[in-house]
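Please study the sequence and the structure before reading the solutions.

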Amino acid sequence: MSHRPTGARRQTHRLVHTLLAAACVGMGLVIPQASAFCGFYAGKADASLFNEASQVVLVRDGERTVLSMLNDYSGPLNEFALVVPTPTALQQGQVRVAEKATFERLDAYSSPRLAEYHDSDPCRMNFWWGQNMYPRAVPAPMAAAAGAMRSEMAKSRDAALGVTVEAAYTLEEYDIVSLSAKQSDGLEIWLRENGYKIPKGASAALKPYINMGMKFFVAKVNLKEQKRLGYSMLRPLQFAFESEKFMLPMRLGMLNAPPNKPQDLIVYVLTKNGRVESSNYRTVKLAANENLPPFVKPKFKEFYKALYDTSTAREDYKVVFTEYFWDMSWCDPCAANPLSTEELRKAGVFWVGGDEAGNFQQMQIAPGGQKPAQGAVAPSSPPRVLPGRPIPPGGGAQPVMLTRLHVRYTANTFPEDLMFTQTKDKQNFQTRYVIQNPYAGSVAACTATTAKADCEAMCRSRVTDVERMVSEAKKNNWGSPGDYANKSSDALQTDCLKACSESKRSAIEAATRYYERELPERLAREKQTLAKLTGWSLAEIDRMGADSGNVTPVPAKGGDVQPVPPADNRTWWQKLFGAAPVLHAARG
Amino acid sequence: MSTQAPVAHASAALHGSGVVQRGRPGNGHWHLPQALARIDARWFQILFLASFLCLGALARDFALTWQQVALTFAAALVAQAAWQWGLGLPNRKGWSGYLSAIVSSFGISILVRADSLWVHPLLAALAMSSKFVLRAGPAECRSHILNPANFAAFAAWAWIPGAWLSPGQWGSESLASLWFIALGGLVTQRIQRWDVSLAFLATWAALLAGRVLWLDYSAGVGSAMWLQQISNGATLLFAFFMISDPMTTPQRRSARVAYAMAVAIVAFLWQFVLYKPHGLIVVLFAASALVPLINTLWPTVRFEWRQGEQTPAKR
């Protein structure tokens with residue numbers, strides 16, 4: 001999880017970035033000049049890999065929108081401030097403190113995954129002689145072998161400045177004001193006079209949002225409250241509002257970023273009808289479902305990072321990548337279990353658990369159920385998560401679609417805020433990669449195994465069986481026993497021995513084909529794919545393969561094995577009323 | 001001209017080409033070398049649209065399968081034939097109508113996305129049928145009302161489950177834009193509808209520039225944003241291959257320039273004031289209904305498709 005394939009270069013990177021400051025939250029503007037704001041760690045090739053990434057959860061149906069933002073600010077807390085343009089002035093009640101766990105769950109559920117399969121033993125004696133005469137004589141295990149199929153996964157002075165304080169309150173560890181402004185210079189002065197440190201150029205960047213009629217949500221940390229509550233890290237903020245704008249005001253976050261420095265933004269969009277894509281930038285699916293050499297397994301994170309680096313660079317940081325789109329009720333293979341109804345409600349999905357209008361309304365009512373007076377201080381209750389509305393049975397029936405979008409952008413390549421559109425596309429997509437482990441064997445081993453098979457003895461017993469079946473067939477009128485009829489025991493024995501040695505020969509042939517041709521060809525193909533996807537050279541890849549030592553393949557138990565999500569063995573009432581299941585990430 | 005049975009125009013097409021205007025000599029003809037003029041300009045359209053489709057499918061990751069494309073073409077051609085023969089049109093044996101069907105098929109393939117195989121052929125059949133069913137206008141320029149590709153795109157967004165539009169799919173690459181402008185310019189000039197494309201693009205560009213100026217972006221950001229919006233492939237495609245359709249735009253030049261500007265203004269309001277999706281497609285669809293009225297109020301003899309100026313119109 002916390003494995004970060006970065007090193008000294010990235011540390012320098014981070015320092016530079018820290019000095020250059022500002023919000024990398026795709027969304028808003030984090031004010032202190034010293035902001036190591038970027039860097040989100042969540043759990044696979046998860047978002048932690050992209051430590052300059054901001055994460056946003058956007059829940060939308062119609063004009064109802066719930067937006068959560070996770071920042072990983074690690075500078076001095078008294079200098080932290082966040083400015084987010086919002087379509088309406090957010091009142092107390094429309095803002096709550098969310099849980100970081102929600103982001104981690106969404107990340108874990110939707111992160112790129114590696115699926116692992118094992119080859120079965122190519123050295124198989126298909127020795128069927130005497131075994132397929134009549135239905136009851138058919139040995140059951142043989143028929144089962146054929147069926148192994150892989151499923152295809154998948155918110156006086158003020159007036160002079162033109163600034164109106166629409167709301168001011170304390171929420172948990174945050175001191176929050178919602179502002180509307182008439183001029184950007186007025187807003188900038190107001191923020192400075194009120195103790196917020198504003199980066200240069202803020203006024204120019206704020207201006208278009210003011211002209212668009214947008215309001216501003218400004219938050220800073222209340223150190224006293226935070227100490228009292230006992231939190232050391234900043235928790236995500238969540239906003240519920242109605243707006244016709246389906247967008248992320250990501251431009252503000254680029255304020256102090258150098259024009260060509262790429263930043264990462266991961267957006268989890270939760271909708272009811274279909275996949276979400278950008279309406280003003282190209283949205284592209286990352287290369288997925290590719291077979292990779294087995295030795296990539298321990299280096300999967302490096303692989304995915306290289307793939308993403310290569311893909312974004314190839315597109316000149318001008319596109320939005322889709323990493324995942326799936327109906328939230330299942331997954332295949334599961335990188336982590338789908339979110340429970342409870343978890344979805346925490347993420348802001350107001351339509352699960354019935355009465356969506358009511359649920360959404362609840363999200364906009366301040367604690368105590370009244371519109372808050374300005375400057376009112378919220379009672380310091382535990383984090384206000386979604387109101388504890390009972391969830392009726394079957395409440396999860398409304399679909400929840402998760403689109404995971406990953407954008408690497410620079411101020412130059414994304415001149416406009418990101419606009420979205422919801423399509424009616426319901427085709428699942430995941431960044432899934434496959435490794436197929438070779439069977440641990442050899443031609444020699446196969447030869448030895450087959451040599452051990454005693455045809456004489458096997459045939460003796462089969463001939464006996466055949467003769468018994470033939471006589472029973474006659475007695476019960478089962479019809480002609482075909483080739484086995486009217487033959488002497490010796491003739492039958494000869495036939496059987498011939499079939500037996502033939503099956504030995506074909507087993508060795510199959511093993512030879514597998515080990516000497518198919519496997520090397522497959523590995524070469526997989527290496528080519530790896531080179532193409534990551535931009536790594538074939539020489540590097542060969543070295544990697546050699547370093548890994550020839551991966552010790554694990555003998556499979558019959559046919560391809562696909563990763564299976566941990567079974568949830570609870571009854572429906574346990575699922576409804578009981579504790580959440582223990583989540584295991586089915587790695588690999 | 002006006003002696004033709006109204007339905008006889010049905011086989012004529014959607015986006016234009018090979019059009020010769022009769023009656024109003026004031027309209028400047030585009031003088032092409034004779035040989036070039038003899039080629040039905042829909043061939044140019046087909047060539048350009050085919051190259052855009054290839055560019056999109058190969059270089060722009062269009063979420064489109066070859067089966068969807070094949071079914072679109074098959075359904076459009078079959079629907080065209082069925083109507084031509086079913087109505088016993090005098091020109092039923094001609095191939096002119098099929099050219100239009102092909103042009104429409106390209107348009108539908110480029111614009112519509114679906115997660116199944118039935119959407120594309122259904123839309124193609126409906127779009128071609130709309131040309132024969134939805135007809136209006138004064139006798140001298142009675143014509144189908146909707147541009148088939150526009151109709152299909154609107155239907156995909158508004159009515160059909162599992163179908164959608166991807167306005168961002170082209171990205172905004174200046175190189176591709178230039179190509180569009182160059183090729184689009186050739187086609188529209190060839191069909192004498194460059195006035196519509198130009199009026200639309202100029203209005204659209206001015207509105208976007210006005211928005212950027214009004215919102216008061218810094219010069220650098222504002223200009224980058226404007227360029228990104230104006231060079232959107234979907235917008236250029238719309239300007240040159242959809243709103244420029246001579247059959248479904250007002251016949252009199254002053255009226256259609258005003259029409260193009262009005263479409264640009266309303267689409268801008270739809271998209272940038274109301275924040276609703278797919279402004280161009282939606283507004284053109286709605287505006288099309290007004291064209292017969294405009295043609296009645298400002299009558300002109302309609303355009304007629306033909307395959308080059310040298311031969312009489314193939315009826």
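**Exercise 1: an aromatic pair in a helix**

Phe154(B) and Trp157(B) lie three residues apart in helix α6 (residues 148-158) of chain B, so about one helical turn separates them; helices are DSSP runs of H or I with at least four residues, numbered from the N terminus. The model is predicted: local features need pLDDT of at least 70, side-chain atom pairs 80 or more, while totals for chains, interfaces and linings use all residues. Residues are numbered from 1 along each chain as its sequence is written, chains are lettered from A in the order in which they are written, and side-chain values use heavy atoms, without hydrogens and water.

Task: classify the ring pair of Phe154(B) and Trp157(B).

Step 1. Rings of Phe, Tyr and Trp (its six-membered ring) pair if their centres lie within 6.5 Å; planes under 30 degrees apart are stacked, over 60 edge-to-face, the rest tilted.

Step 2. The centres are 6.0 Å apart and the planes at 65°, so the pair of Phe154(B) and Trp157(B) is edge-to-face.

Step 3. Phe151(B), Trp159(B) and Phe285(B) belong with Phe154(B) and Trp157(B) to one aromatic cluster.

**Exercise 2: accessibility**

Task: decide whether Phe154(B) is buried or exposed, and treat Trp157(B) likewise.

Step 1. Buried means under 20% relative accessible area, exposed over 50%, partly exposed in between (1.4 Å probe, protein chains only).

Step 2. Phe154(B) has 11% relative accessibility and therefore counts as buried.

Step 3. Trp157(B), at 28%, is partly exposed.

Methods. Helices (H or I, at least four residues) and strands (E, at least two) are DSSP runs, numbered from the N terminus.
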